[in-house]
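Please report on this structure. Keep it brief, and give the cut-offs behind each term.

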Amino acid sequence: TGLSGGTQEQIAVLTRLAFADMLIERGQPAMIILDDALVYSDPERMERMFDIIKHAATRTQILIFTCRGEIFTRLGGHRLRMVDGSTV
């Protein structure tokens, strides 16, 4: 496609959020897992996506796996780290 890597990432995240909303509306459980999402997003778009993710987190559980934890600090939530194979 002619879309940038960042735009493709954002569409993928928004699609997952939309599917979770559809499940919730039907009374089904939903959880979203994002693995190093938004790696290619520019800072301005990342901030907009964070607003959307924070809003979605009021409706469903969202797990974010990343090696860039400091970037995602603004989202709040519970932060776990892997140290020598143990969770801390």
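Ala30 touches Ala20, Leu23, Ile24, Thr60 and Gln61, leaving out residues up to four places away in sequence. Contact here means heavy atoms within 4.5 Å. Ala30 sits in the loop between helix 1 (5-25) and strand 1. Helices (H or I, at least four residues) and strands (E, at least two) are DSSP runs, numbered from the N terminus.

The model is predicted: local features need pLDDT of at least 70, side-chain atom pairs count only at pLDDT 80 or more, and totals for chains, interfaces and linings use all residues. Residues are numbered from 1 along each chain as its sequence is written, and side-chain values use heavy atoms, with hydrogens and water left out.

**Thr60 and Ala30**

Thr60 lies in the loop between helix 2 and strand 2. Its side chain reaches the backbone oxygen of Ala30 at 2.4 Å. That is a polar contact (a pair of N or O atoms within 3.5 Å; within protein, one must be able to donate a hydrogen and the other to accept it, and residues adjacent in sequence count only if both atoms are side-chain atoms). Leaving aside neighbours within four places in sequence, Thr60 is in contact with Ala20, Ile24, Ala30, Met31 and Ile32. Is Thr60 buried or exposed? Thr60 is buried, with a relative accessible area of 8%. Buried means under 20% relative accessible area, exposed over 50%, and partly exposed in between (1.4 Å probe, protein chains only).

**Chain overview**

The protein chain has 2 helices and 4 strands. Along the sequence they follow the pattern α-β-α-β-β-β. The C-alpha trace spans about 40 × 35 × 20 Å along its principal axes. Of the 88 residues, 25% are buried. Among contacts between residues at least 6 apart in sequence, 60% join residues at least 24 apart. The chain exposes about 6,300 Å², and carbon and sulfur atoms supply 57% of that area. Accessible areas come from the Shrake-Rupley method with a 1.4 Å probe; for residues, only the protein chains shown count as cover.

**Core and Leu38**

The largest nonpolar core has 15 residues. Such a core is a set of buried Ala, Val, Leu, Ile, Met, Phe, Trp, Tyr and Cys residues joined through side-chain atoms within 4.5 Å. Those with the most contacts inside it are Val13, Leu34, Leu38, Ile53 and Ile62. Helix 1, strand 1 and helix 2 each give two or more residues to this core. Helix 2 supplies the largest share, 5 residues.

Leu38 is placed in the loop between strand 1 and helix 2. At 0% relative accessibility, Leu38 counts as buried. Leaving out residues up to four places away in sequence, Leu38 touches Glu9, Gln10, Val13, Met46, Met49, Phe50, Ile53 and Arg68. Its phi is near 70°, a positive value in a residue other than glycine.

Asp36 lies in the loop between strand 1 and helix 2 (43-56). Phi of Asp36 is near 45°, again positive in a residue other than glycine. Most residues other than glycine have a negative phi. Asp36 is partly exposed, with a relative accessible area of 25%.

**Salt bridges**

How many salt bridges does the count give? The count comes to 2. A salt bridge is a side-chain nitrogen of Lys or Arg within 4 Å of a carboxyl oxygen of Asp or Glu.

| Salt bridge | Closest N and O atoms |
|---|---|
| Asp21 with Arg59 | 2.8 Å |
| Glu44 with Arg48 | 2.5 Å |

Asp21 is partly exposed at 24% relative accessibility. Arg59 is partly exposed at 36%.

Glu44 and Arg48 both lie in helix 2, 4 residues apart, about one turn of the helix. Glu44 counts as exposed at 53% relative accessibility. Arg48 is partly exposed, with a relative accessible area of 46%.

**Surface patch**

Met31, Ile33 and Phe65 make a nonpolar surface patch of about 290 Å². Patches are made of residues with over 30% relative accessible area and no salt bridge: like charges are joined within 9 Å, nonpolar side chains (Val, Leu, Ile, Met, Phe, Trp, Tyr) within 5 Å. Met31 is in strand 1 (residues 31-35). Met31 is partly exposed, with a relative accessible area of 44%.
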